Amino acid sequence: MDDFLNYVFLGNTVKNWLMAVGCVLILFAVIRLFKNVVLKKIRAMAVRTTSNFDDLLVTILQKTGVPLAYLLSIYAGIQFLRTNARTDRIIDDAAMVVITWAILRLITSMVGFSFRRYMLRQPGETREKQGRGILIIFNILIWILGIVFIIENFGYNITTIVTGLGVGGIAIALAAQAILGDLFSYFVIFFDKPFEIGDFIIVEDKMGSVEYIGIKTTRIRTLSGEQLICSNSKLTGSWVHNYKRMDLRRVVFSFGTRLETPIEKVKEIPGWIKGIITSRDQTRFDRAHFLKFGESSLDFEVVYYVLSADYNIYMDIQQAINLAIMERFEKEGIHFAYPVRTVFLQNQQDRSAVSEEGSR
């Protein structure tokens, strides 16, 4: 029996092989017992709670912790075997990569959980879709840092690599300056929230509803129906009028009556306008005045507020006010002004008489 246990196979005795396999099998059994009994009970307890953090821990244990435990069990069993220096280096590097992978999975899971909790506190369902791009960028940065850590532990001089990448990175940054500008503008739009999906905005001479906010561009559906694609840096560098956040609308309109309108009627017109406006729902009267004498009219200016940002409601109210003014003017016998020009004509005989009188 001793001879069999001391028999050398692939550089190790049968005894060492049995100890290694036995260690792996025992650890596998313990992990399986933990997964089927302990983890199952923890998952059942997490379901009954209102917190999502315990659900996250269960998910991390199931998707990251258990696979890591299996791999570490194999690593523990290998320790009973005798290997050369090169093999030891390969095994240690593999273990370091596995542990780094598990830590990165843990970090990205925690970042994703915290980011989703932040998104839940933000109004609007579209914010979650908009934030997926930022979460992807965060995860990419985390994995890049992890890869750099692994490369450094492999014995490579990371300073030289970073320096070389820095020179190339400067060239890439200069070539991709516009793309990076749009990317940073995306972060500004996401966190500062000057507008969101569904908002009606005006940028310079363009207007429409925001349909999509991407990492590089924002898409706007214009009033005429076409889709306007605008870079994020253009939006953050321009004056943006966001009409969705307008609580009320200030309306200024004017009209004119004929010059021969009686002064008694002119004095009463502002009061009529005030009564017409205040009788409407969702309005607040500000002022109505006889403004000035026009070339062919007596001009009035009216200011009031519509207590809604909806453009259709504003148009319905303005239409009702216009019709009511027309009805009142028709009842009172007042006519709206229209351009009038008086031309004085003098015939040839009259001009000749004037000339003779002047010569005398």
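Here is a walk through the chain, from its overall make-up down to a few single residues.

What you're looking at is a predicted model, where local features need pLDDT of at least 70, side-chain atom pairs count only at pLDDT 80 or more, and totals for chains, interfaces and linings use all residues. Residues are numbered from 1 along each chain as its sequence is written, and side-chain values use heavy atoms, with hydrogens and water left out.

The chain's secondary structure comes to 11 helices and 10 strands, taken as DSSP runs (H or I of at least four residues for helices, E of at least two for strands) numbered from the N terminus. Of its 360 residues, 29% count as buried, meaning under 20% relative accessible area, while exposed is over 50% and partly exposed sits in between (1.4 Å probe, protein chains only). Take contacts (heavy atoms within 4.5 Å) between residues at least 6 apart in sequence: 63% of them join residues at least 24 apart.

What about the cysteines? Cys-23 counts as buried because its relative accessibility is 17%, and Cys-230 does too, at 12%. A search of the whole structure turns up zero disulfides, a disulfide being a pair of cysteine sulfur atoms within 2.5 Å.

Now zoom in on helix α9, residues 263–278. Its 16 residues reach 24 Å from first C-alpha to last, close to the 22 Å expected, which is 1.5 Å times one less than the number of residues. There's a bend of about 30° at Ile-269, with Pro-270 following within four residues; the angle is taken between axes fitted to the seven residues ending there and the seven starting there. Ile-269 is also one of the buried residues of α9, along with Val-266, Trp-272, Ile-273, Ile-276 and Ile-277. The buried residues of this helix pack against β8 (249–257), β9 (283–293), β10 (298–306) and α10 (311–332).

Gln-282 isn't a glycine, yet its phi is positive, at about 60°. Most residues other than glycine have a negative phi. Gln-282 counts as partly exposed because its relative accessibility is 39%. Glu-204 has a positive phi as well, near 55°, and lies in the loop between β3 (200–203) and β4 (206–213). Glu-204 is exposed, as its relative accessible area is 53%.

One last stop is Ser-109, in helix α4 (residues 85–120). Leaving aside residues up to four places away in sequence, Ser-109 touches Leu-56, Ile-60 and Arg-116.
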